[in-house]
Amino acid sequence: PVSKKTVRFSVDVTMHRVLLNNGRTMTNLQYMQWIKGSPRSTFARFGNQKVNGRLFRWKLNKKTFRESQVKQFQQSRVYRFAGFQFYLQIYPKGMAQAGFVQPYLHVVRMPPKVATVELLFAFYLNEVHIGNRHIDVFNGKLGKGWGDLTLPADLIKWDDPELANTDHLTLDCRVNILHVSLNSVAWFNKEVSSQQQQPQQIPSIPIESERKESDDSDLNENEKMFKTWLTETVGLQQYFALFVKNEIRSLQDVSEYIEEKTDLTEIGIKAFAHRAKIWKNIIKLKESKQTNDDGNNQNDTQN
């Protein structure tokens, strides 16, 4: 307006990544080793805040992994992050290249008006200590993975104590959104028409059927503990089905994936007071987990 003497300009800043070690970018393995020695650093995995956006952690059955044939794959559950939906896929004996372990990241759903998304993503197979990161553009159709020749399957030492004493392998995938391409500016405009405000219809994807809130017979132990926490500690049991609908099924999940209070709005919790109450208890849960982790690390050091 003419009567105004100043114009207010706002900008949102998101930290995507940092350069450490005198400006050299760390490999995923170097980063994992560094954070163990610097647990209190701003850039380490302090609490639930991670330098590389969101962590998807997937436990793979070791027996199934070892017995897989070429072009046979395993597929994770669906993960949700910033309006996107992802899943992981792994070919233990290879797909494009026989004899090589090949993990893939798939984007199966994007927010309305988003055409493509550029991601920085890193895979890390914990028990094997092999990692790789990559930047690529996803359009919701094709999955992207690490280099075909990154990990030959026959290099996995199954008789190594770390592998011999476990029944699973853990695949970590860290995802950081770098850039999105839009097919309409209306996505950013709050004053759009009612017709524009309708989200685009995206075909549903095959995920595990939702359970009825009142039926506990099919719940596993982690889900029962999570529901008990919501009921007795938080006092808001009515949101259990909503968490399950968003693939949050355990105390580990809620501590891992609810990184900000606004995430509760994203999964559908509308009441301000309820969000505040749940978030307050999630913070306590994160602090308790961090205290336990610090205690375990101290015991490991002493041993």
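**Figure 1. The salt bridge of K144 and D136 in the predicted model.** K144 is buried in this predicted model, with a relative accessible area of 18%, and its partner is D136, the closest N and O atoms of the two residues lying 3.2 Å apart.

**Figure 2. The salt bridge of R54 and D263.** The closest N and O atoms of R54 and D263 are 3.8 Å apart, and the two residues form a salt bridge. Because R54 belongs to strand 1 (residues 54-61) and D263 to helix 8 (residues 262-266), this pair ties together parts that are 209 residues apart in sequence. Both R54 and D263 are buried. Through salt bridges that share partners, R54, E259 and D263 are joined into one network.

**Figure 3. The salt bridge of K63 and E67 within helix 2.** K63 and E67 lie four residues apart in helix 2 (residues 62-67), a spacing of about one turn of the helix, and they form a salt bridge in which the closest N and O atoms are 3.0 Å apart. K63 is exposed, with a relative accessible area of 54%, while E67 is partly exposed, at 47%. The count of salt bridges in the model comes to eight.

Figure 4. Confidence in the chain is lowest in helix 4 (residues 194-197), where the mean is 42, and highest in strand 2 (residues 74-75), where it is 92.

**Figure 5. The chain as the setting of the close-up views.** The chain holds nine helices and 10 strands, and of its 303 residues 38% count as buried. Among contacts with a separation of 6 or more, 60% are accounted for by residues 24 or more positions apart. The accessible surface comes to about 18300 Å², with 50% of that area belonging to carbon and sulfur atoms. For the chain, the mean pLDDT is 75, and 71% of the residues reach 70 or more.

Conventions:
Residues are numbered from 1 along each chain as its sequence is written. This is a predicted model: local features need pLDDT of at least 70, side-chain atom pairs count only at pLDDT 80 or more; totals for chains, interfaces and linings use all residues. Side-chain values use heavy atoms; hydrogens and water are left out. Helices (H or I, at least four residues) and strands (E, at least two) are DSSP runs, numbered from the N terminus. Buried means under 20% relative accessible area, exposed over 50%, partly exposed in between (1.4 Å probe, protein chains only). Contact means heavy atoms within 4.5 Å. Accessible areas come from the Shrake-Rupley method with a 1.4 Å probe; for residues, only the protein chains shown count as cover. pLDDT is the predictor's confidence in each residue, from 0 to 100. A salt bridge is a side-chain nitrogen of Lys or Arg within 4 Å of a carboxyl oxygen of Asp or Glu.
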